[in-house]
Amino acid sequence: WDQPHSRNLRFLSDDEIDFTDALADAIFPPSPHLPLRGRDAHVGLVLDEVLGGMAPFQQKMLRLSFHLLDQYPLVTHGKPFRQLTAAEGAEVVAGWAQSEIAELRGLVAGTYIFVTMSYSVHPLVAPTFAAHFRCGYGR
């Protein structure tokens with residue numbers, strides 16, 4: 001799991017970027033209501049910056065969670081999450097959210113929050129959220 005960071009980033013590896021992009025795509029598929037599908041928001045770039053504000057142990061735990069969740073679908077789909085289609089990914093995420101394993105639900109919820117926050121602050125996406133949530137988007 002302890003892969004070197006991508007050439008242009010400080011913390012995340014190429015596999016971690018691919019995972020976060022795939023997760024964003026599963027959460028935010030193409031939609032007439034949103035200006036970007038998840039993958040196109042490049043949430044991994046924001047997450048790399050977020051990691052810079054974390055203590056080393058927290059950095060390691062978040063990166064480990066990316067790897068764990070990326071490998072989880074190997075049993076059911078025969079490939080890591082980052083290689084699933086957006087539809088397959090959405091199905092897997094829905095299953096995780098309803099899992100009987102509380103620890104898995106917690107891990108998914110935390111990771112989901114990081115990815116959705118990173119998506120929602122993208123300059124093309126923030127105005128859409130600002131229209132619905134008056135808590136500071138785009139200000």
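This is a predicted model: local features need pLDDT of at least 70, side-chain atom pairs count only at pLDDT 80 or more; totals for chains, interfaces and linings use all residues.
Residues are numbered from 1 along each chain as its sequence is written, and side-chain values use heavy atoms, with hydrogens and water left out.

**V125.** I read a relative accessibility of 0% for V125, which therefore counts as buried (buried is under 20% relative accessible area, exposed over 50% and partly exposed in between, with a 1.4 Å probe and protein chains only). Leaving aside neighbours within four places in sequence, I found V125 in contact with P35, L36, Y119 and S120, contact being heavy atoms within 4.5 Å. For V125 and L36, I noted 89 residues of separation in sequence and 6.9 Å in space, C-alpha to C-alpha.

**α2 against α6.** I then turned to helix α2 (residues 43-52) and helix α6 (residues 102-120), whose axes come within 9 Å and cross at roughly 110°; axes are lines fitted to C-alpha atoms, for helices over the stretch in contact, and angles run from 0 to 180 degrees between N-to-C directions. That angle makes α2 roughly perpendicular to α6, given that 65 to 115 degrees counts as roughly perpendicular, under 35 as roughly parallel, over 145 as roughly antiparallel and the rest as oblique. On the α2 side I listed V43, V46, L47 and V50 as making the contact, and on the α6 side F114, V115, S118 and Y119. Sorted by class, this contact of α2 with α6 holds seven nonpolar residues, one polar and no charged (Ala, Val, Leu, Ile, Met, Phe, Trp, Tyr, Cys and Pro count as nonpolar, Asp, Glu, Lys and Arg as charged, and the others, Gly among them, as polar).

**α3 against α6.** I found α3 and α6 packing at about 115°, with axes 11 Å apart, which makes α3 roughly perpendicular to α6. The contact joins L62, S65, F66, L68 and L69 of α3 to L104, L107, V108, T111 and F114 of α6, and I sorted the residues into eight nonpolar, two polar and no charged.

**Core.** Which residues of the largest nonpolar core touch the most other members? Of its 31 residues, I noted L12, L23, V43, F81, W96, V115 and Y119, a nonpolar core being a set of buried Ala, Val, Leu, Ile, Met, Phe, Trp, Tyr and Cys residues joined through side-chain atoms within 4.5 Å. At least two residues of this core come from each of α1 (14-27), α2, α3 (56-71), α5 (86-97) and α6, and α1 gives the most, with seven. I also looked up L23, which touches F81, V93, T111 and V115 when residues up to four places away in sequence are not counted.

In the loop between α1 and α2 I found H42, which has a positive phi of about 50° although it is not a glycine. Its relative accessible area of 42% makes H42 partly exposed. R7 lies in the segment before α1 and is exposed, with a relative accessible area of 77%. I noted 21 Å between the C-alpha atoms of R7 and D70, which are 63 residues apart along the chain.

Notes: Helices (H or I, at least four residues) and strands (E, at least two) are DSSP runs, numbered from the N terminus.
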